[in-house]
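Please read the numbered points with the model in view.

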Amino acid sequence: MDVRSQISMVFHLDKCIGCHTCSVACKNIWTDRKGAEYMWWNNVETKPGTGYPGKWENQDIYKGGWEEDGNGGIRLKGAGKPKSLSNIFHNPHMPSIDDYYEPFTYKYLDLIEAEAGDIQPTARPVSMITGEPMDIQMGPNWDDDLSGTPDYARKDPNLEDLSEAEQEAMFQLERMAFFYLPRICNHCLNAACVASCPSGAIYKRGEDGVVLINQDVCRGWRMCVTACPYKKSYYNWDTGKSEKCILCYPRLESGYAPACMHSCVGRIRYLGVILYDADRIEEAASADESELVERQLDMLLDPFDPEVIAAAKENGVADSTIESAQNSPTYKFVKEWDLALPLHPEFRTLPMLFYVPPLLPVMASVADANDNAQREKIHDIGKKWPDEWVYDTSIDQLFGTIDDARFPLEYMASLFSAGDVEAVKSRLEKLMAIRLHRRRETVGDVDSATVDKALKKAGLTGQRANAIYYLTSLAKFDDRFVIPPAHREQAIEMLDEDVGATKGETGFGFKRGTNKRGA
Amino acid sequence: MNWFDTFSLVLFPYAAVAVFVIGMAYRYRQRGFTVTSLSSQFLEGRSLFWAVVPFHIGILVVLFGHLLAFLVPDAILAWNAVPVRLMILEGMALIFGLATLVGIAGLMYRRFTNERVRAVTTKMDVLLEVVLLAQVGFGVWIAVGYRWGSSWFASDLTPYLWSLVAFSPEATAAAAMPLVVKLHILGAFLLLFLVPFTRLAHVFVAPLHYIVRPYQQVIWNWNRKKIRDPRSGTSVSGRRR
C-alpha cells in the first residue's frame, strides 16, 4: 500500500446556476495575458451542448485520454512515446485555435475618437491575435443556455448512446431541460497530459497531487493538448508553452480556497484531501469499462482506518494532512455517501474532480396525471400556465420520475459513469430520498411511511440524510473547503541553505523581470 | 589565404562555437522559459504540415550525412568506391536536400502570407529563416554544381574540421574550395552562432529522454524519508498539531 494524499474536488451540479463567476474569477487572476486570452482554465458548459472546445468529448476527433491496448493494459490514444516522437514536427490530432475561438476585443476608442457625422460610430470587433477587424464566429461560451438548438445541443457527443426517440423526446419544446457543467482540470491520478509530455515538464506534486507544468522545462511539443481528454491543457500561442489550471496552488498553500471555488455564488464547490493507494492506479485505470468507477472508488482509502493511517505516516503524509482527510467534505460525498461520480471515467485518467449528478432536469418531468392535489398547492402565478406544463413535484411522483424522466438516465450515465445507468440512478435516488426526508422534517405534508421507504431504498438513515442536507445546503466556508496545511516551513528547512538567510532574503535580490516570448 | 578566408574558415568558427556553448548554457540554465520550439501549429496547422515535415525530415537526414562524413570519413570513402553506391548516396542526399529546400521555402511563404503566423513572427525568426534558406540553397547548389561532395567532403573538409577541433587550424584545403562551399561553411557556423538567440535552441532540447522515462511523474517538495524520521527536527509524523 503506497498511501498518498490528493486534493480532490466535488461539484454539486444541482446547485450550479450557470453564472460563470468562477470562470471570470479564474480569468482575472491567471489568464488575462497575451496568448492566454482564449484559455478558460475554468469554464461552464450548458448540457446538452457541444462545450468548449467544440465537441471536446468526442475522442474520435480529439484522440485524448487512454484506450485499451488489447493486452489488458492501456495506452495513450493520440500521444505516447511512439506517436509523440514521430508526430513531433506536426501533431495531426492537435486542435487549432478555431476549435476554441479566436480571441477578440472591440475598438472602443473609435466610439470616442470618431469624427462628428450623421452615423453613430461603432466599435468594431478586432482579433486579439492579429489586431485586424474580424467577424466573431465563436466565443468561449457560445452555446450558453441554448439547449435544444440544432447546432449545439443536438451535436452533444453524449447523445450517441440514446435512441432516436429518446433524443426527440429530450428536445420537445415543452420537455426541454438543461443543466450546467462547470469544468476545471481534474488533477487526475493517471494523468494523460503528464504521460504525454516529451520534455517531462508536466508532473504531479507528491504532497497534494496538484498537476503542474514547469514553464521553464516545457518546450512547446504540444502533446499534452492532444492527450488531455478534457482539453484542459492549453497552448499559449505567444510564449510557445502549454498552460493549465494550477488549482490556485499559491492560494492553497496559504490556506485559501482556489479562486473559482471561493467565488462560487451557488456554493456548489467542495475541496478536501482524499488518501489513495498509488499502487492500484494502473490496475484501476486498466479495468473493464463497466468496473472503472467502482475500481477508482476502491482506490480511495478510509482515513479513519488505523492501517491506512500507519501506512500514510510511513509514507511521509503529515499528521495535519491525515486530519484534513478525516474532515474532508469530498471524501464524504465521494466515498462515504456514494453521491458523486467522476466525469467521463471511460477516458481512464482517474480524474479527482467528482460531480454530484443533477436531479433537477431529471425530476422536473411534465405532469400528466394526478395533479389535482398539486394544483391546490400552486401559487396563483403558477396557474397561469397550462396545467399540463406544470412541473409535477408531488411526492408520490418524485420517485416514479427517475425511471421515466424527461432527461434520459443514459445521458447522465454517458457523462458520469461510462454508461452505467445504475450508478447514476442510485445516486439520484439518494438525492430524492433526502428531499423527501427534508420535506417531512420541514413542511410535514409527506406520508412518513413513504419517506421511510424512500430512505430505505436509497440506503440512508434520517441522520445521514440530515448530514448530507447540511453539507449540501447549509455548509459554511470551513466545511466546504478543508485545506491541509502546506508545511512550507518544512520545505524551507530542508533546503541546504541557511534557513534564517532564506527567510531574510525571500522577496529580495535580483529581479529577473517578467518572462517574455522566446528570443 | 586572404582575410575573408581567415575570418570565415578560422576565426568565425571558433567565435561561433564559443558563443554557442556559453550562450546556450546560460539560456538553458537561466532563461529556460525562452527555450521552446515556438510552434505555430495551433494558429495554422494545415499548410504547416506540407512544409514543416519535409523540412525537418530533410534537414535531419542531411545533417546526419554531414555528421557521418565528419566522424567516419574512411567508411564514406570506402562506400563511395563503387560508383553505384556513390550514386545512391548522392541521389538520396540530393532528394533530402531538395525536401529541405522546399520545406523552408514553404515555411517562409506561410509565415509571410498567414496573418496569424505573421502576428507571432519576430525579427529573429525572419533572420533565421533567411539564413536557413541561403544555407540550404548553397547546399543544394553544391550538390548539383560540384558533384560527389560526399567524397571530397570526407577527403578534404573533414581533415580541416578536425584541425579546428585540435586547435591547430589548417584551412588551406578549405580555402581552395569554390566560394559557394566557403559560404556554406560560413553559413553553418552562423547558424550555430544564432542558436542561443533564436528558436533554433529547440534542436538541442529534443526530447529523446522521453523514450526511457516512465509515463507518470511525481515530484516531492519534501524529503519523505527525512519527514518520517521522528528524530529529525522537521518530522511531521508522531507530532500532533
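1. Two strands pair if DSSP finds at least two bridges between them; strands (E, at least two residues) and helices (H or I, at least four) are DSSP runs, numbered from the N terminus. The model is predicted: local features need pLDDT of at least 70, side-chain atom pairs count only at pLDDT 80 or more, and totals for chains, interfaces and linings use all residues. Residues are numbered from 1 along each chain as its sequence is written, with chains lettered from A and ligands numbered from 1 in the order in which they are written.

2. In chain A, strand β1 (residues 3-12) and β12(A) run antiparallel and are joined by nine bridges. Within this pairing, Q6(A) lies opposite I274(A) of β12(A).

3. Strand β12 (residues 269-277) of chain A is largely enclosed by the rest of the structure, because eight of its nine residues are buried. A residue is buried if 20 or more other C-beta atoms, placed from the backbone, lie within 10 Å of its own.

4. Between the chains, 51 residues of chain B are in contact with 51 residues of chain A; contact requires C-beta atoms, placed from the backbone, within 7 Å. On the side of chain B that touches chain A, α2 (46-71), α5 (115-119), β1 (218-219) and α10 (224-227) of chain B each supply at least two residues. The most come from α2(B), with five residues.

5. A strand pairing also links the chains: strand β8 (residues 202-205) of chain A and β1(B) run parallel, joined by two bridges. Here R205(A) stands opposite I219(B).

Notes. A residue is buried if 20 or more other C-beta atoms lie within 10 Å of its own, exposed if 12 or fewer, and partly exposed in between; C-beta atoms are placed from the backbone. Two residues are in contact if their C-beta atoms, placed from the backbone, lie within 7 Å.
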